[in-house]
Amino acid sequence: MTRIRAVRCHTISDDITTVTLDELVLPDPAPGEVQVRLKACAVNFPDILMIQGKYQHKPPLPFSPGGEAAGDVVALGAGVTGLKEGDAVCFGSRAGGFTEAVNVPAASVKPIPGKMNYEKAASYSTAYMTAYVALKVRGDLKAGEWLLVHGATGGVGMAAVDLGKHFGAHVIGTGGRDDKLAVVKSRGADAVINYTLADGSLGGFRDKVKAITGAGGADVVYDPVGGDVFDESMRCINWRGRILTIGFTSGRWPSAPVNLILIKSISVIGVRAGEIGRRDPELGRQNQAALWDLAQSGAIDPYVCAGFPLERAVEAMQMLENRDVVGKCVVTMNGYEVAS
């Protein structure tokens, strides 16, 4: 058994500051499990939503937020093969990552790919899998096409920018702040557009997209925003274009105008990367293998803008909640801060 600290939610509340930093005893790993001494855990919106009771997965209380983490194997449960103490690994889970150590199924961990540090290894899996499934499996993105990425300054959007460029597309990134868009441009986007209007609403990119692409518009639109952004995207998409619906961070579910779908032969395509693997395990394994190869080769390089020690995990979540994160931010377990 090992004494550890963990940030835990004891009461469902809209106020995320109600979580506490607890000391507890972690048992030895059970058969088939490994114990991982964590070094970093990515911060994602589901962490906040679970504390607030607004996420579809509702772990029993008390629980630790944090679904993507990286660290070192420190103990093996009975029957575990292919791993050894000291291995640097990363893994995904629904919760449990805001802690100094955790027991997880050995089958769920994988070696940290390429030359990634712990912070990057904890930050790539979910965002880049979403982008990969959207662009290649669902969107059939081809080299030379124009890709319009909304919400390009966030983790999921920045992953789409990175992979879009890797796959040979011309990429336009949109976002709400010029300083954050400057990071997207520095990472290879061909053009960036600030889509925040004077009244605070989102839009004003239709004519700019057409001018950048040469009047035809975007061939593929990657949209985690929805709302007005989806509506205007329908007006700047090319003939036989594909709109990939990732989510609705704007808070409004849009309605697709069927007349434009007909006139332009547009496809509106839903993307649920995790669900694809659950419904088609073989395709899920193929996607995981493809993502691993990309990460191992160095084609995937997550941008981590900030890191907070475990005792300041609430500040990390507030940074995300306040839309101040560029790419990803992480909670670290070594008592240090991360600078981009």
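A: A cavity is a set of grid points where a 1.4 Å probe fits but cannot get out, whereas a pocket is an open set. A volume is the space filled by probe spheres set on such points. The model shown here is predicted. Its second largest cavity has a volume of about 30 Å³.

Q: How many cavities of 30 Å³ or more are counted?

A: The count comes to 2 cavities. The largest cavity has a volume of about 50 Å³.

Q: Which residues line the second largest cavity?

A: A lining residue has an atom within 4 Å of a point of the space. For the second largest cavity these residues are E68, A69, C90, F91, G92, A121, A122 and S125.

Q: Which strand gives the most to the lining of the second largest cavity?

A: Strand 5 does, with 3 residues. Strand 5 (88-92) and strand 4 (68-76) each supply at least two residues of this lining.

Q: How do the residues of the lining of the second largest cavity divide?

A: In such a division, Gly is counted as polar. The lining of the second largest cavity holds 5 nonpolar, 2 polar and 1 charged residues.

Q: Which residues line the largest cavity?

A: Its lining is made up of S123, A127, Y128, G154, G155, M158, A159, P302, Y303, G327 and K328. Two helices, helix 3 (125-138) and helix 4 (155-166), each contribute at least two residues. Helix 4 gives the most, with 3 residues. By class, the lining of the largest cavity consists of 6 nonpolar, 4 polar and 1 charged residues.

Q: Turning to the open spaces, how much space lies in the second largest pocket?

A: The second largest pocket holds about 200 Å³ of space.

Q: Which residues lie nearest the centre of the second largest pocket?

A: Of the 16 residues that line the second largest pocket, L26, G96, T99, A101 and V102 lie nearest its centre.

Q: Which strands each supply at least two residues of the lining of the second largest pocket?

A: They are strand 1 (2-8), strand 2 (20-26) and strand 6 (101-105). The largest share comes from strand 6, with 4 residues.

Q: How many nonpolar, polar and charged residues are in the lining of the second largest pocket?

A: The lining of the second largest pocket has 9 nonpolar residues, 6 polar residues and 1 charged residue.

Terms used. Residues are numbered from 1 along each chain as its sequence is written. This is a predicted model: local features need pLDDT of at least 70, side-chain atom pairs count only at pLDDT 80 or more; totals for chains, interfaces and linings use all residues. Side-chain values use heavy atoms; hydrogens and water are left out. On a 1 Å grid over the protein atoms alone, a cavity is a set of points where a 1.4 Å probe fits but cannot get out, and a pocket is an open set with protein on both sides within 12 Å along at least five of seven lines; lining residues have an atom within 4 Å of a point.
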